[in-house]
Amino acid sequence: EKEWLEPSGGENSRYSGERDLENPLAAVMMGLIYVNPEGVDGKPDPLKTAHDIRITFQRMAMNDEETVALTAGGHTVGKAHGNGDAGILGPEPEGAPIEDQGLGWLNKKSRGVGRNAVTSGIEGAWTPEPTKWDNGYFETLFKYDWELKKSPAGASQWQPVGVQDKDLPPDVEDPSKTINLVMTDADMAMKMDPEYRKISEKFRKDPEYFAETFAKAWFKLTHRDMGPRTRYIGPDAPTEDLIWQDPVPAGNPDFDVAAAKSKVEASGLSVADLVSTAWDSARTFRHSDRRGGANGARIQLSPLKDWEGNEPERLDKVLGVLKPIASETGASLADIIVLAGTVGLEKAIQAAGSSVKVPFTPGRGDATQDMTDEESFAVLEPVHDGFRNWVKRQYVVSAEEMMLDRAQLMGLTAQEMTVLVGGMRVLGTNHGNSSHGLFTDRVGTLSNDFFVNLTDMSYTWKPKSEGEYEIVDRKTGSTKWTASRVDLVFGSNSILRGYSEFYAQDDNKEKFVRDFVAAWTKVMDADR
Ligand code: HEM
C-alpha cells in the first residue's frame, strides 16, 4: 500500500463491491487501527460507520456487546487531540529523519504537547471526568442531542447541543478552564445503530455489567495471541477457562506407550495414512498466536473434521481405527494420532535401513465440541498445504509462496521445510493421492530419493498445464514423473536448491533421516 487513508474507490483501497473489506484485513485503511473516526471516507454517517465497525471488530473475533464495551470503555478515559493545524505535523515514523528516533508526526512548529497536541485532528473529551472510570460516556451520549461541527484542526466531529457547563471536561493544562465534549462518528454509531443502541442502553442502566464486560473484552483483546492458558503465569491470571483460549483438558501422560504402539502397528493402516493424519492434526499450529496444533485432537470435531484439506472420508476411516486404541490404552486420541505418525515413520525409517527412533512425548488432552468455538476455528482452515502438495483452488499467490507462508506460521526454518517436504513426498502423503513429486520407486520408505531425482541432470523439466510439470528422461524422451510448482521450487530457488543438493548426497542419507525426524518432532510438539 502506498497511500495513508486511501478512500474507497481509490487504486489502493481495501474495498470492492458494496463496501466489502478485503479479507483478512480488519482496519478500513492503512494508518488506522479500526475505522475512520470522521465517517466512511471522511463523510460522517454513524449508520455507515456502524457497518465498518461491525466488520472490523468481527475480524478481531469480537461480538457487538464486546465492541460497544471496548469502544465506550476505551473512550471513558483520555481525550482526542486536534487543537491546531494538522498540516504542520512532520512525516510518519518510517519517513521521519533519524533524529526523531522512531517517533512520527512530530509537531516542531509549536510545543506539540498538552493544549497544542494534534493527533487525530478531533478535539475534545468524551466524558466530563476523562481521568476517571465511570459511566460518563453513556450518560452524556444519551443526555444530549449531537450536532456535526469542525474541530480547530478541521476534522468532522459531533458536539452536544445545549451542553450544561457542569458536563464540560477540564482543560489538560488549566483545570479552571473547560474543553468540548466530543463524539466521533464511531461513538455516534453506538447510539444510532439499533443493535449497538440496545447494548449501550443496557450498559447505561447497569454500570457494573458494563465494567465487567469491558474488563473481559479488554483481557481478550490483549491476551488472545498468548495461546493456551498453561502459558499464563502470575497471580493476576484468571482461573476460569475462556472459550477464546481454545481450552484443552489435561491428558494422561502415564499410559503404556509400547502397548499402544503395538496396537497401531497391528491396525493395518498404511504409512501414508498414519503420517498424513498426524501431520493434519498438527499443521494448524500458528506461531503468531499459538492457536491450533495436535493437542486437543480437534481434528475429530466440527468444523475441522469436514475440512477438504483433512480428506474427511479417509480421516473418518483412520480415526475409526485409532479411537478404540485410545480408549483401550487410556491415552488421549490426540496422543494416539501423534503416536500413529511415530509408528508410520519408524516403519518407513526401517525400510530405509536406518534405526533412528522418533521421539514421542505423551500427555496431550482431548477437547470436546463444547470447548470449541466453531466460528473462531473456521479461520484456521488450511486452503493450501505444500507439504501435502495441495491447493484447494488456484489463487493469485503462487503455491510455493503459500507453502512458505505455512512454514513460517508453523515456525519452520527453510532447511526444516525442505527436509519435511522431501520426506513427506516419498512417504506418499500427498493430498488426494496425487502423484506429483513422488520421485521414488519405493513409496513408504524414508529415502532421500526426492532430492536425488530432483537434482539429477539426466532429466529435463517441462511445463504441462497450469501448475503441472513433467520430469522427462533426456535420452529416451519418456516422462518419468510429474511435479507441481512446490516440488520444482526446491530445484529452482538457489537457497532451497542448496539444501536439496545437500540432502541428495549419498553420504547424507542418515543425516536426512535424522533431520527429518527432528523437524517432524518439532511440528508435533509445537503447541506444547
Ligand atoms: C470503534 C473504533 C474506534 C475509533 C474510530 C476510535 C477513534 C479514536 C480517536 C479518533 C481518538 C483520538 C486520538 C487522538 O486524537 O489523540 C481515540 C482515542 C482513544 N481511544 Fe479510540 N477509537 C475506537 C475504539 C477504541 C477502542 C476499542 C479502545 C480501547 C479499548 C479505544 C481507546 C482509546 C483511548 C484510551 C483513547 C484516548 C487516547 C489519549 O487520551 O491520548 N478506542 N480513539
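The model is predicted: local features need pLDDT of at least 70, side-chain atom pairs count only at pLDDT 80 or more, and totals for chains, interfaces and linings use all residues. Numbering runs from 1 along each chain as its sequence is written, and side-chain values use heavy atoms, without hydrogens or water.

**Cavities**
- The structure holds 2 cavities of 30 Å³ or more.
- A cavity is a set of points, on a 1 Å grid over the protein atoms alone, where a 1.4 Å probe fits but cannot get out; lining residues have an atom within 4 Å of a point.
- Points are joined across faces, edges and corners, and volume is the space filled by probe spheres set on them.

**Largest cavity**
- Its volume is about 50 Å³.
- The lining consists of V338, T342, V358, P359, F360, T361, R364, W520, T521, M524 and D525.
- Two or more lining residues come from each of α10 (333-351) and α17 (509-525); helices are DSSP runs of H or I, at least four residues, numbered from the N terminus.
- α17 gives the largest share, 4 residues.
- By class, the lining has 6 nonpolar, 3 polar and 2 charged residues.

**Second largest cavity**
- This cavity has a volume of about 40 Å³.
- S276, T277, D280, N310, E311, R314, L315 and R388 line it.
- At least two lining residues come from each of α8 (271-282) and α9 (312-329).
- The largest share, 3 residues, belongs to α8.

Terms used: 1 Å grid on protein atoms, 1.4 Å probe; cavity = no way out; pocket = protein on both sides within 12 Å on 5 of 7 lines; lining within 4 Å. Nonpolar A, V, L, I, M, F, W, Y, C, P; charged D, E, K, R; others polar.
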